[in-house]
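Some words used for protein structures rest on a value and a cut-off. The questions below ask how such words are reached.

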Amino acid sequence: MATTTRPTVQLAKAPSPKAPSTADVVVVGLAGSGEDLHLVGLPNGQGMPTSEDLLALARNLGAKPEAGSTIALPVGAQRGIVVGLGADECSPDQLRRSAGAALRAAAALAGEQPLSVQVSLGADEPELVRAVAEGSLLGAYTPTKVSATPATPKVSAIEVVSPLSSPEAKEAVEAGRIVADAVCAARDWVNLPANLLYPETFAAAAKEAMSGLKVDVELLDEKALAKGGYGGILAVGGGSNRAPRLVRLDHNPRGARNHLVLVGKGITFDTGGLNLKPSEGMYTMKCDMAGAATVIAATRAIAQLGLGVHVTAYASMAENMPSGSAYRPSDVITMYGGITVENANSDAEGRLVMADALARSREDDADLVVDVATLTGACMVALGLRTAGLMASDDETADLVLDAAEAAGEDFWQLPIPEHIRKDLDSKVADLKSSGARYGGALTAGAFLQRFVGEDQAWAHLDIAGPAFNDAAPYDHVPTGGTGAAVRTLVALAASLQG
């Protein structure tokens with residue numbers, strides 16, 4: 001499968017007249033407001049212009065301090081990118097976003113040969129160093145074409161300039177690399193077309209991603225799913241000649257006190273089944289497995305970082321196709337554990353494959369269960385394309401996830417699950433229906449999923465339908481196509497549950 005070539009990243013000292021930078025492109029920041037502007041991180045290398053001269057040149061060329069705005073200009077003998085930082089004191093997330101925007105601008109300067117880029121944004125704390133490393137790697141990402149001609153990477157190496165040289169600073173760069181690599185892996189999977197990434201190949205890719213790590217991998221094929229009673233996954237995948245899969249990953253480091261379960265929706269292509277989608281709504285449905293990509297990639301990063309938390313991840317994989325063997329509206333499906341579901345709409349398939357995994361996860365006796373899915377268009381209507389929805393068993397659990405999202409620099413908004421929404425799922429022919437009335441679709445989906453979670457189980461549902469796939473122009477460190485949404489939040493959540 002095609003994957004993106006990742007740049008290397010390392011910590012570097014600021015250049016000096018005795019040791020000038022050898023990078024092809026140097027990135028510096030522009031901060032302040034109005035007439036009170038100043039450059040941040042300007043190197044003091046051989047042949048470098050003065051700060052005043054470079055600032056005057058940047059302003060004449062239209063450089064702005066607005067966060068993420070970029071402009072290219074010569075910096076001594078090298079090419080330079082001036083990126084807006086906004087305020088004088090940047091948060092880690094602002095540095096992450098600005099570094100990403102700068103690397104996208106630097107990549108645009110590349111010709112036939114990849115560039116080396118030095119990023120000098122005044123990162124003088126390990127947390128800021130990590131943010132710059134992470135944002136730079138995310139911004140350097142370019143979706144890989146499926147092509148007979150191998151793609152040449154635009155950026156081959158990144159140096160994060162910092163006055164720090166401590167082990168903590170070097171560890172921060174490595175942590176940024178691990179997390180960015182996980183986000184980019186999720187992007188790669190989401191961007192692959194569905195004729196290349198389908199349940200069997202996706203499950204194999206998940207297993208390969210855990211190679212060399214202390215992660216136990218269990219792959220359930222259609223025979224094992226039938227034997228185990230996974231009626232939801234089998235129903236959704238029954239219309240395709242590509243059989244479904246359930247992947248279970250388990251990372252249980254010594255001394256871990258808390259157990260986090262992650263569940264991801266892995267619909268490798270969603271036609272809507274017999275409730276067929278219109279053609280314009282089907283084209284991007286290769287991205288409907290983003291939730292599974294998120295939990296797989298996050299689990300790998302958690303294991304690589306050595307976080308002291310027990311993580312079990314489930315990725316429910318199926319292709320939702322119309323055929324003579326497809327499940328029908330009004331069918332009654334017996335889910336894992338015995339709950340019966342009246343299928344109201346074959347295009348509400350994600351909650352069915354998720355419900356089987358959630359029901360199975362009750363046997364794990366977890367401290368917290370989090371599911372991730374590109375689940376509803378209703379969530380996109382409510383919150384737009386850059387904010388994900390969050391529903392939870394209680395406000396304490398919601399706050400835990402929201403704190404992790406804030407630390408990771410991802411946007412979530414808590415939504416309720418009102419009692420009247422739960423009642424909309426009542427069925428006359430089964431234990432419950434898969435969907436309810438027209439309005440409040442995102443809330444209905446959350447209410448459905450919660451029925452498969454233990455009664456006293458701390459649980460959160462993340463609907464990433466909006467931010468998981470960017471069909472517009474790139475921005476900050478977010479590319480066009482798969483974004484890797486929620487990977488960073490899950491890693492930050494696991495870090496908060498250590499010990």
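Q: Which residues does the UniProt annotation "domain: Cytosol aminopeptidase" cover?
A: In this predicted model, that annotation, from an unreviewed UniProt entry, covers residues 345-352. The end C-alpha atoms of residues 345-352 lie 11 Å apart, and the span is 38% helix and 0% strand.

Q: Which residues does the UniProt annotation "active site" cover?
A: The unreviewed entry places this annotation on Lys 277 and Arg 351. Lys 277 lies in the loop between strand S10 (259-270) and H8, while Arg 351 is in helix H9 (residues 350-361).

Q: How do you know whether Lys 277 is buried or exposed?
A: The relative accessible area of Lys 277 is 16%. Buried means under 20%, so Lys 277 is called buried.

Q: What is in contact with Lys 277, leaving aside its neighbours within four places in sequence?
A: The residues in contact with Lys 277 are then Asp 270, Thr 271, Gly 272, Met 282, Met 285 and Asp 347.

Q: What makes Arg 351 count as buried?
A: Arg 351 has a relative accessible area of 6%. The cut-off for buried is under 20%, therefore Arg 351 is buried. Not counting residues up to four places away in sequence, Arg 351 touches Leu 375, Thr 376, Ser 434, Ser 435, Ala 445, Phe 448 and Leu 449.

Q: Which residues make the contact of H8 with H14?
A: From H8 come Thr 294, Val 295, Ala 297, Ala 298, Ala 301, Ile 302 and Leu 305. H14 gives Val 487, Leu 490, Val 491 and Ala 494. By class, this contact has ten nonpolar, one polar and no charged residues.

Q: Which residues of helix H5 are buried, and what covers them?
A: The buried residues of helix H5 (residues 199-209) are Pro 199, Thr 201, Phe 202, Ala 203, Ala 205, Ala 206 and Ala 209. Their cover includes helix H4 (167-191), strand S8 (216-220), strand S9 (245-251), S10, H8 and strand S11 (310-320).

Key. Residues are numbered from 1 along each chain as its sequence is written. This is a predicted model: local features need pLDDT of at least 70, side-chain atom pairs count only at pLDDT 80 or more; totals for chains, interfaces and linings use all residues. Side-chain values use heavy atoms; hydrogens and water are left out. Contact means heavy atoms within 4.5 Å. Helices (H or I, at least four residues) and strands (E, at least two) are DSSP runs, numbered from the N terminus. Ala, Val, Leu, Ile, Met, Phe, Trp, Tyr, Cys and Pro count as nonpolar, Asp, Glu, Lys and Arg as charged, and the others, Gly among them, as polar. UniProt positions are given in the numbering used here, feature names are shortened, and annotations may be inferred rather than shown by experiment. Buried means under 20% relative accessible area, exposed over 50%, partly exposed in between (1.4 Å probe, protein chains only).
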